[in-house]
Structures are given as C-alpha cells and as structure tokens.
Amino acid sequence: RISHFSLNRNPAPTFTPIFTNPPPCSLPTSATLSPSAFPPRSWRNLGIEDPLFRCFRRRRGGRVFLSGAMEVDESSPSSLLSSPSSLSSDSIDLNFLPFLRREPKSEPASPEHGPLPPPLPLPLPPQATAAIAVAFAAPTTPDLSSPEVLTPLQSLPPNPDEDALFAEYCRLASLYLLSAGAGAIVPAPTPEAAAPAAVQPGSGSAAKKRRPRSSELVRVSSLSVRDQIYFRDLVRRARITFESLRGLLLKDDERAEALGLAGVIGLGSVDRRRVRADLRAAALMADRDLWLNRDRRIVGPIPGIAVGDAFFFRMELCVLGLHGQVQAGIDYLSAGQSASGEPIATSIIVSGGYEDDDDRGDVLVYTGHGGRDPNLHKHCVDQKLEGGNLALERSMAYGIEIRVIRAVKSKRSPVGKVYFYDGLYKVVDYWLDRGKAGFGVYKYKMIRIEGQEPMGSVNYRAAEHLKVDALSMRPTGYLSFDISMGREIMPVALYNDVDDDRDPLLFEYLARPIFPSSAVQGKFAEGGGGCGCIENCSIGCYCAERNGGEFAYDKAGVLLRGKPLLYECGPYCQCPPSCPNRVSQKGLKNRLEVFRSRETGWGVRSLDLIKSGTFICEFSGIVLTHQQSEIVAASGDCLVHPNRFPSRWLDWGDISDVYPEYVAPNHPATTDLNFSIDVSRARNVACYFSHSCSPNVFIQFVLFDHYNVSYPHLMIFALENIPPLRELSIDYGMIDEWVGKLTM
C-alpha cells in the first residue's frame with residue numbers, strides 16, 4: 001500500500017509507512033489445504049527459495065506433510081502444478097508464503113572510494129553463544145526417538161533419505177542465520193560488554209555497536225517552517241562534524257608524517273595514506289551512532305537536505321542517509337527486509353561510469369548495475385534482473401519516486417568530483433537492451449518530477465558558462481560586470497532582471513574597511529611584532545603561539561575550527577606571501593554576483609562552488625568608534641554593529657558529539673566590540689548578504705595588519721558547501737531597521 005503526500009499541512013512532520021506488514025496467518029496448525037490454494041509459482045517458491053522458510057515434505061499414504069504440521073492431499077488427480085486457470089490466488093496468505101530473498105550486489109570499486117573500516121567484533125553473551133552453537137553445529141541426524149519430540153514429522157521411523165534432507169535443512173538454516181547478521185539474532189548484553197569500556201586518551205566516549213539500517217519505509221508528508229529549519233540545522237551539524245573530523249584527521253596525518261609515523265592509530269601498521277580521512281571520520285561517527293536516518297528508510301525527500309545541495313564525498317551521503325551505498329550506484333531495501341517481500345529502490349547515483357547511460361537532465365536513461373569487469377570497467381556478461389535492478393523495476397510498479405544524485409567533475413573537489421542532489425524522479429519504463437560492449441544491460445527511463453528547485457548539476461554547468469560568456473546566456477539584466485571597479489581580485493557583477501533599481505551603483509566600493517587612526521596607530525608592532533620565519537610558518541613560530549599553539553588553516557586554506565579571534569601573519573612578519581597563515585587578507589577567491597530578488601531585495605550568490613570552511617569576503621565599510629557611532633546613529637545612517645552577530649564560529653569545528661571532552665576555543669580572547677561600521681556611503685559586496693536564522697555563512701574575527709583586539713576585521717567564511725547560484729545568507733542577530741536598509 002502506497003501512501004502519498006498529504007495535502008493538509010500539519011504543524012509537525014508525519015512519517016507515513018510505505019508498506020505495512022500483512023496480517024498474521026489465520027490458518028490453524030493442523031489445517032488441510034486444498035491444492036487450489038497455491039498457484040504454481042508460489043508452490044515453487046515454497047520449495048526452493050528462502051532456506052529459513054523452506055518447507056519439507058514427507059510422503060505417507062498419499063499425503064504431503066509440510067513444516068508447521070500442515071498437510072496437503074495429493075491423492076487428487078489435480079496436481080499442484082496444474083494450469084493457472086484452475087488456481088486462485090485470492091486465498092493466499094502472504095504472511096505464510098515466503099518471498100524471494102535477494103541480497104545487494106556491490107558494484108566494482110572505484111579508485112577514490114574504499115570500504116568503511118569495520119567495527120571491532122563484539123562478544124556474544126553465553127546464552128546467545130550456546131543457542132548459536134546449537135544452530136551452527138555440524139549437521140547431524142536428529143534423535144527421532146526422543147520423547148520430547150511429539151510432532152508427526154518425528155514420529156515416523158528413521159529414514160536415511162529423510163534424515164539427510166533434514167540435515168541439509170539444518171545446514172542451510174545455519175548459513176542463513178550467519179548471513180542475516182544483527183537482524184536475525186540480537187545478543188543480550190554480556191558482563192564484558194556491560195563493563196565500562198576502556199577509553200584511549202583522546203578517543204572520546206566508548207564506541208557503540210553500529211546500528212543497522214532500518215527496514216521500515218516511510219515518507220515525510222508535511223513539514224512546517226519551524227520543522228524545516230530544525231532539520232536543516234540537524235543536517236548541518238552532522239555535516240560540520242564530518243568535515244571537522246576529516247580536517248583534524250588530515251592535520252594529524254601531516255604531523256605524523258613529519259615525525260616519520262606511517263601507521264594509523266587503531267589500525268596497526270596500516271599506511272595512513274591508504275585509509276582516507278573521510279572514511280575514518282565516517283567510521284568515528286558510526287561508532288557514536290551519529291549517522292542520520294538510520295531508524296527509518298525514507299522514500300522521497302530527506303528532511304533537511306535541499307535540492308541542489310553539494311557533497312564532496314560518498315561517505316557524507318551515507319552519513320546523512322541520502323544514499324546508503326558506499327560503492328553501489330543503486331540504494332534499495334532488499335527483499336529479505338521489505339515487508340512486501342520485494343526489493344524497493346530509493347536512490348541512485350549517476351556517476352557517468354556506464355557508457356550506456358543517456359543523461360539529458362529532466363529525462364534520464366539509467367543503466368542497471370552488474371555485469372562489469374572490475375579491472376577493465378567494461379561489461380563482460382549480461383546483467384540480471386536481481387538486486388538493485390529488480391528494485392528499480394519494483395519501484396516503477398509501485399510508483400515510488402527515486403532520489404537522483406549526480407557526480408560532476410570539479411577541480412575544487414578533493415577527490416576530483418562533486419555530488420549534487422538533483423531531486424526526485426519517477427521510473428516510467430524499463431527494458432533489456434544490447435549495450436555498446438555487446439552484452440545485455442537493463443535500462444530504466446526516469447522523468448524528473450515537476451515543481452522542484454533547479455538541479456544543482458545544471459546550475460553548476462550554467463555558472464561555468466556564465467564565467468566565460470555571460471551575455472550569451474543573459475543578454476539583458478546586467479548593470480555592471482564589476483561594481484568594485486578593479487578593487488577586488490575577482491570581479492563582482494551586478495544583475496537585475498526584476499525592476500529598475502540601480503542603488504548598488506550609488507555607493508563607493510570599499511574592498512577593505514577604513515579604521516580610525518586612533519584605533520590602529522601604534523598597534524602594528526604591539527606585543528612584539530610579527531614572526532621571523534624565513535620560509536612558510538610552522539608550529540612553534542610566534543604567530544602560531546598567538547593562535548594558541550596551532551594554525552587556524554590547513555594547506556588548502558580551509559578554516560579548521562572557529563575561534564574568538566584569529567591572528568594571521570601581517571606586514572611585520574618575515575614569512576613570504578605563500579605562507580598558509582595568510583588567507584583572508586588576500587581578498588576574494590570566488591566570483592560573486594549581486595542580484596535583485598523578489599523575496600529578499602538585493603542578494604548575493606556565487607558563480608563558483610564554495611567549500612565549507614573557506615573564506616568568502618570581508619564585511620567592509622567605514623569603521624567608527626563608540627563615540628562616533630552615537631553621533632552618526634542620531635542622523636539615521638545605516639550602521640552595522642559587530643557585537644550583534646551571533647557567535648556562529650562556535651559551530652564550525654565542534655566535534656563534541658564524537659569527543660564529549662571537546663571544549664570550544666577561548667583563546668585568543670577578544671574584548672567587547674563597541675565599534676560600528678558605517679555602510680551608508682561606502683560598502684562592499686558583503687553588505688548585500690540576506691539575513692537568515694539558518695545561514696550558510698558566519699563571521700570570524702581576524703587580525704593581521706594591526707593587533708588592536710578591539711577593532712578586528714569581520715571575515716566571512718562558509719558554514720556549509722554552497723553550490724553555484726545559491727544565495728548567501730548570514731545571521732545578523734538582533735534584527736532592526738539597519739538590516740532592512742542593507743537589502744532594500
């Protein structure tokens with residue numbers, strides 16, 4: 001039974017089950033079943049499919065005994081394999097009949113993706129160990145003369161053929177239990193497991209047993225605005241944890257490599273270069289049960305994930321529950337887990353690895369998985385309608401939408417590609433075709449559901465084209481291709497296709513703020529001046545000590561974690577301009593565009609893909625002292641107060657969910673910021689950022705050209721991956737008239 005979206009918008013989200021379990025079997029244990037109760041296909045399934053539900057027959061006096069003490073009369077001339085016209089399926093109890101169990105088949109491993117590091121094996125309790133030992137014991141002939149056995153099956157005299165058949169059943173059942181995993185046997189806690197686990201120094205809380213994915217299919221039917229913000233923040237926190245862990249692990253790898261340590265902590269002598277940081281970060285989150293949407297399998301949109309969102313790692317998709325397969329392109333619920341007994345597909349990844357794919361955006365012809373040689377990456381055998389291929393066909397039959405994630409090559413990605421969530425598609429047709437390699441491949445025609453936000457992959461390609469030839473895509477609407485007039489390293493365009501407003505052209509553009517001389521005079525060499533490094537700065541230099549003994553950025557210039565105040569190398573430092581501690585002072589690195597919006601007035605978007613933690617721009621204007629601010633505010637000018645911005649820097653780098661002993665940095669400390677920035681006459685692109693309670697950028701205070709902690713620079717960093725053409729938003733904190741003046 002399929003449940004569609006509800007038209008009523010409830011204040012709280014509703015999770016609607018896709019399939020419900022059939023009613024329990026109402027047949028008595030000694031019922032005599034008519035042959036017409038089973039169609040031929042179901043009878044064949046009854047005998048050969050699932051080992052755990054396999055029924056065994058014993059012939060005695062023209063009657064066939066089934067497991068469960070049910071018997072079928074075979075003396076009738078009509079056979080169970082009679083024509084389908086004489087059979088009826090209306091009386092079949094689906095709870096009694098077994099279904100075909102199909103397990104996922106993984107696709108060939110790609111070079112940049114590796115398996116998730118396995119968790120340590122957990123000891124089983126004595127009770128479970130004893131039970132499993134009995135079930136997994138070598139198949140032996142059961143004692144049919146035992147007085148405890150009273151069923152008709154065991155009351156017969158021993159028969160070598162029947163004993164061998166029953167021994168085979170025991171063997172197959174043990175194999176099934178071994179393959180079923182935690183879903184079949186849930187061990188009770190043992191004294192060893194209940195005892196306090198030893199925690200290594202710096203390892204955080206004790207690792208938990210990884211929770212398996214739920215087999216319950218649900219759809220989110222309604223979300224209020226408050227729910228949307230909540231889930232967005234929940235997803236953002238998980239992504240920040242993942243990225244912060246990955247960055248810190250890379251930093252530790254750099255330090256270990258400098259010390260000549262090649263092994264990975266916890267993995268013995270395994271070379272740390274062969275265990276990627278994203279895999280280790282995901283494993284740490286899995287051990288702490290921090291993967292999202294594990295308690296239910298969501299069909300359709302994932303709460304907190306918007307169409308167009310960008311991801312740099314496959315493991316991040318798994319952590320968020322957007323796509324649960326590390327390597328396979330089709331994520332689905334297997335037949336053994338599904339309540340309907342059929343596999344159901346929920347998402348696919350279009351990576352461009354199959355030569356028979358035909359991707360035209362809204363219409364996609366997707367090639368099924370399997371049949372490829374892992375070394376040649378070409379088809380070498382015909383594909384089969386099983387696993388994920390069968391799941392896509394079943395999703396088409398039930399009308400279940402499929403989440404589509406596209407992989408696009410990008411130089412800005414650490415792995416050379418970026419994954420965009422492009423929304424929901426419906427499978428409308430499928431067929432078996434002869435592929436370009438000469439082997440049979442299953443093809444699925446998918447059509448994108450209308451009314452969704454633009455696809456992230458389409459916006460990415462459009463933005464790349466705009467950077468090369470903007471007028472060919474937008475012949476009208478541009479008011480200026482660079483409102484900075486060359487003051488910024490990258491041009492800042494001005495675009496308006498909504499109305500005739502041209503206000504941004506009336507302001508003087510300031511790439512850097514103008515500080516009052518009384519605030520910075522004599523502050524350049526305060527505290528001993530800069531570092532004396534001849535080459536790039538390293539741990540132990542003077543600037544590192546200013547930052548609490550560490551540098552704030554990695555080799556790529558990504559902020560590792562937010563702090564109350566950051567010190568970058570300045571004009572009194574001897575290190576070269578290539579020093580990794582010189583980041584925000586270098587100005588824009590992305591192509592920004594000020595545009596007119598019907599919803600927010602003036603806004604800002606990027607033509608480049610912005611990675612989380614990277615610098616975007618500075619909030620610039622004329623800096624006023626506290627006394628000057630009071631005078632100017634009386635005249636009604638537009639002032640920005642830095643002390644009103646929330647401390648969003650606390651979120652970036654927060655790994656307390658994994659390491660509870662983590663403490664947010666409190667050094668270097670800053671004083672009360674009583675100054676303001678006047679943007680009523682001169683400003684830069686940052687003044688057009690829209691306000692949001694769930695922003696995608698944050699303010700980080702930085703010092704580099706002077707060391708007066710009362711007057712830091714307001715540097716803006718990305719709080720999440722920001723895809724091209726998505727509006728940049730910031731949390732201004734206390735909302736009043738001055739915010740409206742910025743965006744009007």
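Predicted model: local features only at pLDDT ≥ 70, side-chain atom pairs only at ≥ 80, totals over all residues.

Mentor: Is F551 buried or exposed? With a relative accessibility of 11%, F551 counts as buried, because the cut-off for buried is under 20%. Now look at what surrounds it. Leaving aside residues up to four places away in sequence, F551 touches C537, S538, I539, C541, C543, A544, L560 and N581. Take N581 from that list: N581 is 30 residues from F551 along the chain, yet their C-alpha atoms are separated by 6.9 Å.

On to the backbone spots. Most residues other than glycine have a negative phi, and most peptide bonds are trans. M485 isn't a glycine, but its phi is positive, about 55 degrees. Its relative accessibility is 66%, so M485 counts as exposed. L725 also has a positive phi without being a glycine, this time near 70 degrees. You'll find L725 in the loop between β29 (713–718) and β30 (729–730), and at 22% relative accessibility it counts as partly exposed.

Last stop: the peptide bond from H667 to P668 is cis, with omega near 0 degrees. To find P668, go to the loop between β24 (639–640) and β25 (676–678).

Conventions:
Residues numbered from 1 in each chain as written. Heavy atoms only, no water. Helix = DSSP H or I, 4+ residues; strand = E, 2+ residues; numbered from the N terminus. Buried < 20%, exposed > 50% of the residue type's maximum accessible area, 1.4 Å probe, protein only. Contact = heavy atoms within 4.5 Å.
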